[in-house]
Amino acid sequence: MTERIGVYPGTFDPITLGHADIIRRGAKLVDRLIIGVTTNPSKNPLFTPEERMAMVEREVASLGISNVTVTGFNALLMKFAQRQGASVIVRGLRAVADFEYEYQMAGMNQQLNPNIETVFLMADVSLQPIASKLVKEIALFGGDIARFVSPAVRDDVVGRIAETGLLGDY
């Protein structure tokens, strides 16, 4: 029997409780789940790729899931997934807007490699509003992000903002 490998790609800048929920649940669907930490300069990353990988590795270790690994990549997702031997792409959905984008992306990915399926997992209802972009924005304006990320990630974000400075009138 062939090992079923899944890839959960993202920038994870920073990794949120919503990401952790998808990792925990996605790991149950495959024999091995690879968290692919990628770059996306248009998202104005707060952390370097290496810092994000370390953050994700730490968070995955705290979940106590043995079939999850973390790998960085800077390539077309389908090429990365194929190199990893993946048969599944795991994606989390929060809202209708996510679905529209992810549906289009899944269709394009299927055109690139019809042997790799995309599986959508709905975020837990309590975690649906959480988005890394919003977490960063709240933190950059001095808001409390403790409800959206783990304590360790909160410390990472607060520490980085202490280095770069807050925005706006606080």
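Predicted model: local features only at pLDDT ≥ 70, side-chain atom pairs only at ≥ 80, totals over all residues.
Residues are numbered from 1 along each chain as its sequence is written, and side-chain values use heavy atoms, with hydrogens and water left out. The largest pocket has a volume of about 1,200 Å³, and the structure also holds 1 cavity of 30 Å³ or more.

**Pocket and cavity**

- Both terms refer to a 1 Å grid over the protein atoms alone: a cavity is a set of points where a 1.4 Å probe fits but cannot get out, a pocket is an open set with protein on both sides within 12 Å along at least five of seven lines, and lining residues have an atom within 4 Å of a point.
- Grid points are joined across faces, edges and corners, and a volume is the space filled by probe spheres set on the points.
- The lining of the largest pocket consists of 45 residues, and G10, T11, K43, R91 and E102 are those nearest its centre.
- At least two lining residues come from each of β1 (5-10), α1 (17-26), β4 (88-93), α4 (96-112), β5 (117-122) and α5 (132-140), with α4 giving the largest share, 7 residues; helices (H or I, at least four residues) and strands (E, at least two) are DSSP runs, numbered from the N terminus.
- By class, this pocket lining has 21 nonpolar, 15 polar and 9 charged residues, where Ala, Val, Leu, Ile, Met, Phe, Trp, Tyr, Cys and Pro count as nonpolar, Asp, Glu, Lys and Arg as charged, and the others, Gly among them, as polar.
- The largest cavity, with about 30 Å³ of space, is lined by T11, D13, N40, K43, P45 and R52, a set made up of 1 nonpolar, 2 polar and 3 charged residues.

**The loop between β1 and α1**

- F12 lies in the loop between β1 and α1 and has a positive phi of about 50 degrees although it is not a glycine.
- F12 counts as buried because its relative accessibility is 1%, and D13 does so at 4%; buried means under 20% relative accessible area, exposed over 50%, and partly exposed in between (1.4 Å probe, protein chains only).
- D13, in the loop between β1 and α1, is joined to P14 by a cis peptide bond with omega of about 0 degrees.
- Most residues other than glycine have a negative phi, and most peptide bonds are trans.
- A polar atom of the D13 side chain lies 3.0 Å from the backbone nitrogen of F47.
- Beyond its neighbours within four places in sequence, D13 is in contact (heavy atoms within 4.5 Å) with residues including N44, P45, R52 and K136.

**Nonpolar cores**

- A nonpolar core is a set of buried Ala, Val, Leu, Ile, Met, Phe, Trp, Tyr and Cys residues joined through side-chain atoms within 4.5 Å.
- The largest core has 32 residues, of which Y8, I23, L33, I35, V56, V68 and V157 touch the most other members.
- Two or more residues of this core come from each of α1, β2 (32-38), α2 (49-63), β3 (68-73), β4, α5 and α6 (151-164).
- A second, separate core of 11 residues includes M78, F80, A86 and I89.

Note on methods. Polar contact = N/O pair within 3.5 Å; in protein donor to acceptor, adjacent residues only side chain to side chain.
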